[in-house]
Structures are given as C-alpha cells and as structure tokens.
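Please read the following briefing alongside the sequence and the model.

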Amino acid sequence: MKIRIKIMGATALLTVWLAGTVTAQVGKPFIHDPSTIMECEGKYYTFGTGGGGLISEDGWTWNSGATRPGGGAAPDAIKIGDRYLIAYGATGGGLGGGHNGRILTMWNKTLDPKSPDFKFTEAVVVTSSDGIEDNDAIDPGLLLDPTDGRLWMTYGTYFGFIRLVELDPKTGKRVEGNKALDVAIDCEATTLMYRNGWYYLLGTHGTCCDGANSTYNIVVGRSRKVTGPYVDNMGREMLTGGGKMVLAAGGRVTGPGHFGLMDLGDGVQKMSCHYEADFDQGGRSVLGMRPLLWKNEWPVAGDNFKEGTYEIESERRGYALELVVDFVRMAGGMRGFGRNTDEPVKPVPSQELADVIKTWPTGNIGVRIGDYMFRPHQKWTITAAPDAGGYPGGPYYKIVIAGTDRALAATAEAEVITVPAFTGAPEQLWRIDQLIDGTYRIMPKVVPDSKEKLVLVSIGDSTPTLAKFDMNSDNSKWNFKTH
Amino acid sequence: MNIKNKTLLLAAGFVILAGSGIQGYSATPGGKNYGTVQVVDTARSIAPYFIRATTKKKTPDPQGFIQRWLLLEPISKPNRSNTVFTDSYIRTAFTTEYFPNQFTVLPKDGEKVKVAEQELTWHALESTLFNVKLFRFAYGLRKPVYGVLFWAVTVVNSPQEMKNVRMAVGSNSASMWWLNGKEAVILSGDRRMVMDDCVSTRLTLNKGKNIIRGAVINGPGMSDFCVRFIDEKGAPIKDLTITVE
C-alpha cells in the first residue's frame, strides 16, 4: 500500500487540545428569531429580527453581514426555483403595545449583498391582523409542499391562533380567495415540514426573551393533511395546546426557539434555532444548530457531538475501530470452578497505554475493526481541530488514540490508517454528522488526490475503508460509545 | 417572538383600537371543533365567546370540558411579567381575601362585590369554546385585560359518588383550583393554556353538588383556562351536569 500521508514527527504528543465548548456556533453568531438557513453560492445565510442577519462561509463560523430590508421581526426564507423568498413580520408581536401585525414577502435572486444581482423586490403584504382578533400576524414560517408544489405559510404568536395561509409560489403573494385556517394555539415561531406522508407543525412554547430564564422550547404536532388537524403524540390537537418536545434547554443554553429545517441529504438533517441565552457567550441570544433525528416518525433534536474519548463502534456488527497492533494479553485467565468463594475480591486494573505502547510500531499503523475490549488501541480521543473550520453544525475534528497524538487519516488509496502525529493536514480532519436515525457518519475533510466525498465504511466486519455513503447500509454508520 | 408576553406595557393601559369590525377566522380543518369563532365586534361584547348561562341541562362538552361558569370581573393585580408567578407568589396571591366569603360563596349572576376601590360583578356564562377565554370576557366587558386576577366558580353535579377522579386544568397564566373547599391543582409559572397540563391527585366527586372554585392570574398577554375531570385512564368524565347554583 502506497502511503502518501505526510508524517510530521514520530514522537507522539500527549497533549490533547481542548477547545472548550464546541456545541454552539462560533464567530459572532448573535441573532434572535433566525430564519431557516439558506445556502447561496457556497455560503450560508440566516436573517433575524431587526433587519440584519448572519453569513457563514462553512456553516460553522457565523458573523453578521446578511442584509434584509423591512425591519420588523422573525423572518423566514425559502428557495423556490432559482430565487429566494423572504417573509417577515413588519411588526413586533406586541412591540408598542398592539397586535396589529402585517406579514410581507419579497424575492431576491441572491442573498449575497455583494453580488450585483442582490436586489429585493418590493415587499407585498400577504396577511395581517387588526390588533383585536385572535391572532397577531408575525412569525411566518414557509413550506413548499414537495408533494404538489403548493406554498404554505404559518404565522402567529401567543395572542390567539396560529394560522395557515397559502401563497403563490410564483409570485409570493397570497393565493386569491384563500382563507386563513386556525391550526394551533398558545405557541409562536411556527413553521411546517413534510416527511413520509406527514406534515409537521413546529411551534415554540414557553417564555421568550428572558435571557437565562427564558423557558422557550420547541414542540411539534403532525397531520396527514397540511391543513391539519395537527396532533401530538398523546392525541392532543395543537388547537388545545398539544405539542411533543423537540428541543428544550440543556447544557449551558436556554430557550431554543424558531425551528428551521436544513436538509443536507444522505440522511443528514440539521435544525436551526436560536438559544435565548448561551451561558458561554455572555448569556446572549445565539444561533443554534443541532442534528435532527427521527424516532417513530417524530422529529427530535440530537446532541451536537461532544469532545471526548470513545469507542468508535461499527453499526454493521458492533465491532470497534482499532489499531492493527498485537493484542497484548492481560495477566490471569479464567478462575477455576469450585474455588473458595470467600477469597477476597480484588479489582483487576485496566490495561493502560503505558502497558502496550512500546509494542506498537512508531510509524504509520493500519486500522481495523475488532471485538471491543476497552484496550488502549481501541480508545479514540476526538477533539475539535484548532483553526480548521467546520461545516453546518460542527467543527472539523481530529481523531487520535487516547493519550497519544496518533491520528486517524485518509489515504490517497481511499483507505484509513493512523499517522504518528497529527499535523492538521486536511486528510486528518474529520467531519462527524449525526444521522437522522441517531447513528453517525464519519467523513474525512479530503481524500488525497480525490474529489470524491467518501466516508468511513465497514467493508467487512473487521475491515474499514473509505467509500461512498449509503444511508440504507449499516456499513456506513458508526456509534460513539463511552464506557 | 412575543415581546408583549414578557414586557407588559401596563403604563399604556389597554389600548386596543376597536375601530372597524373584526374579521373572524375560520373553519378548523377536520378534527374536533376547537376554538374557532366568528367575531363581529362593532360594539364590543363577550360574544361570540360567551353566552348567558341558562337553566337548561348542561353537560360537559364531548371532551369533558366544563363550559358553564360564574366569572367575576377582573380584580386589578398589576404585574409587568408573568415570570413572577412562582409557587409562593401565587399561593399568596390566591389565598389573599379580596372580597367577603371569597372561598365559600356561591354567587348569583349579577351579584356585586367590592374589592378595594373596584365594584365587580359576577356573570353566569357559558363558553362557546372548550376553553374559557378570560381575556375576551374582560375585553368584552371593557374591563382591564392585563395585570388582572380572575375568580371562577361552578357547580358540578354528579349522579353518584365517583372516586379516583382527577381534575385536569390548563391555564394562561398561573392558576389555582379548589374542589369542595380543598385545594386540588396549582399551576405556577408563566403558563400557556394546554389541556390536561396539570392534573390533581385522585379526588372524590360527591353524589350531588360539588363546587369548583378557581383563580387565574395574568400579567401581559391573553388569559384563559380549561377544566375537565378525567378517570384513572385519562378518559374524560362526561356523566355530569353543570349548574351555577
């Protein structure tokens, strides 16, 4: 096997770079009520309350810069054909003491404010509330029904009902003669998504805009018809307040709200939201992105990958990724039958790295998959690689044998090995995405001399390789286990 | 985002511009007939959310919700935010005596009570919805809608003693409920109304009259409640009649 990985230093560095929390977006991801994230010409965009928004080159590092006219609150965005439709509430859901709301839509060919094509069409009102009725026309959420191409918009706040209207996907205007339908109560920041014959109505419950004390949380109901009724897992209609939890506070963030779906394909879905307060970012409201999982046809937020030391288990058979090194037996063997049961019980120490590392080669070492025995050659420490950027929802990681700097790497032959030391080379950087079924896809940032997007795959029970991802095959799926 | 729900602009008072008629919406698509009304409000009124209670036999609705209530016009209780409704706060707020015989009276329709400088009237009403929209009750009567405390009373008549039933309540915002003089359910915090949100421990409905008394407090935003009894399996109890006397 021709190894083309550069080896930078033979001495294993025993330092583990700790990135601190890597569960939130980095940069200056400060935003409230983010719109569904849009990809436009290789960049990512989300708009927020107040007119501005965020731009990201990679989906992980976000900074201000997106531009949206109209001010107001809580926009949403959707790409239809080669244009982007933006909907926003011109008012603020009680700002100024009233509930006279108006929602407008407008188009743009691009979301890049530096593009010569960047020009919003004149915004048109698609719905309103008069301040008295049981509705406040803000917080729009858009769905282009994949079954028939019809465009729907939900909107509303705690002031009365959440309503559903139909828009014309060609013009962004209200379909003539369309009457609003009441679909939920006591939530806000709603939107719709479709999957496998179900329409899902996402809403935000709890208390908004109270920083660390905000109880905002995202709930869902579903219906076989876009027009409802939307029902939760207990059979409660959302018109009676029903809703199944998708995401609540956790870790050091409170108040997730304003769900947005980001379907990356190949079984990878992300949800965007804002957290009312990220304790690690001064308690400010920040953009959040989480894996979106599906359990029993219900969406639920996954957890962003956490740095740590893991068994990397193949979903194929349950074996673990390990170095190709001699198995070092531990002392002792099976205790004979019929022995005195009153003999004192003494714990058996686990095998440690120092017990075995001298038996390992110092150069590149291959990788295989084997019975997990919690031995040093099977324990992988995964940390965010410094200054390596990221992808939607996560940073690139380095994956090293615990206690060493020996790093997992892709080769030009589309195989996987370990190199003695992590250098930061792109083939040593790994993207980790949780799939909608809860397992993980592990993908090198690059495969040397290749433009193909390959992932870590179990080609045999005991043999890993790099190959195209197949969501329908357990070969392509992995689990991270702590023991 | 609902700024109103956390930052009450009480200083502005309740300034809803009545103006022209309200466009009501709309048909609920499929399912049960939850919460849809046609509002016509050139003259402000509690219609179409309420009708006057009658003496006709009234049972819970198909989902078991109790719709016939005596409601007292709102007691002024200013709060800029609903986030103050901790358990201890609302227990204090709800056990404060605002008017005589507050915890024993079975008022009559039109009866008046004095609360500090306020003269308030009891109204015997039937909600046209599964939930009792206190906001619309106050708004329709041109009373304050924010920073308020409501009292509600009803009589549940049971054909026989029913053991191991539970009172299931949802309210916006916090509330507290008593059955036959004993505390049954308390809903603290900045609540939104969700059916079966908080449920009592096992209770006994006496044969004959049982009195439910409830108090709902709200700062900013809409206020409402829904109450029903459920059995051991969570199914609604509908074999009841509801009166206000």
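**Domains of chain A**

In this predicted model, the centres of domain 1 of chain A and domain 2 of chain A, taken over C-alpha atoms, are separated by 37 Å. The domain assignment, which is automatic or from a database, places domain 1 at 26-301 and domain 2 at 308-332 + 348-481 of chain A. Residues are numbered from 1 along each chain as its sequence is written, while chains are lettered from A and ligands numbered from 1 in the order in which they are written. Local features need pLDDT of at least 70 and side-chain atom pairs count only at pLDDT 80 or more, whereas totals for chains, interfaces and linings use all residues.

**Where the domains touch**

- Contact (C-beta atoms, placed from the backbone, within 7 Å) links 18 residues of domain 1 of chain A with 15 residues of domain 2 of chain A.
- On the domain 1 side, at least two residues each come from strands E18 (253-265), E19 (268-278) and E20 (284-295) of chain A, strands being DSSP runs (E, at least two residues) numbered from the N terminus.
- E20(A) gives the largest share of that side, with six residues.
- By residue type, the side of domain 1 that touches domain 2 holds 10 nonpolar, four polar and four charged residues, where Asp, Glu, Lys and Arg count as charged, Ala, Val, Leu, Ile, Met, Phe, Trp, Tyr, Cys and Pro as nonpolar, and the others, Gly among them, as polar.

**Chain A as a whole**

- Buried residues (20 or more other C-beta atoms within 10 Å of their own, C-beta atoms being placed from the backbone) make up 52% of the 483 residues in chain A.
- The C-alpha atoms of chain A fill a box of roughly 80 × 60 × 40 Å along the principal axes.

**Confidence**

- The mean pLDDT (the predictor's confidence in each residue, from 0 to 100) of chain A is 93, with 94% of its residues reaching 70 or more.
- Residues 1-21 of chain A have pLDDT below 50, although this stretch has 45 contacts in the model beyond near neighbours in sequence.
- Where pLDDT is low, the predicted coordinates should not be read in detail.

Technical notes. Contact = placed C-beta atoms within 7 Å. Helix = DSSP H or I, 4+ residues; strand = E, 2+ residues; numbered from the N terminus. Buried ≥ 20, exposed ≤ 12 C-beta atoms within 10 Å, placed from the backbone.
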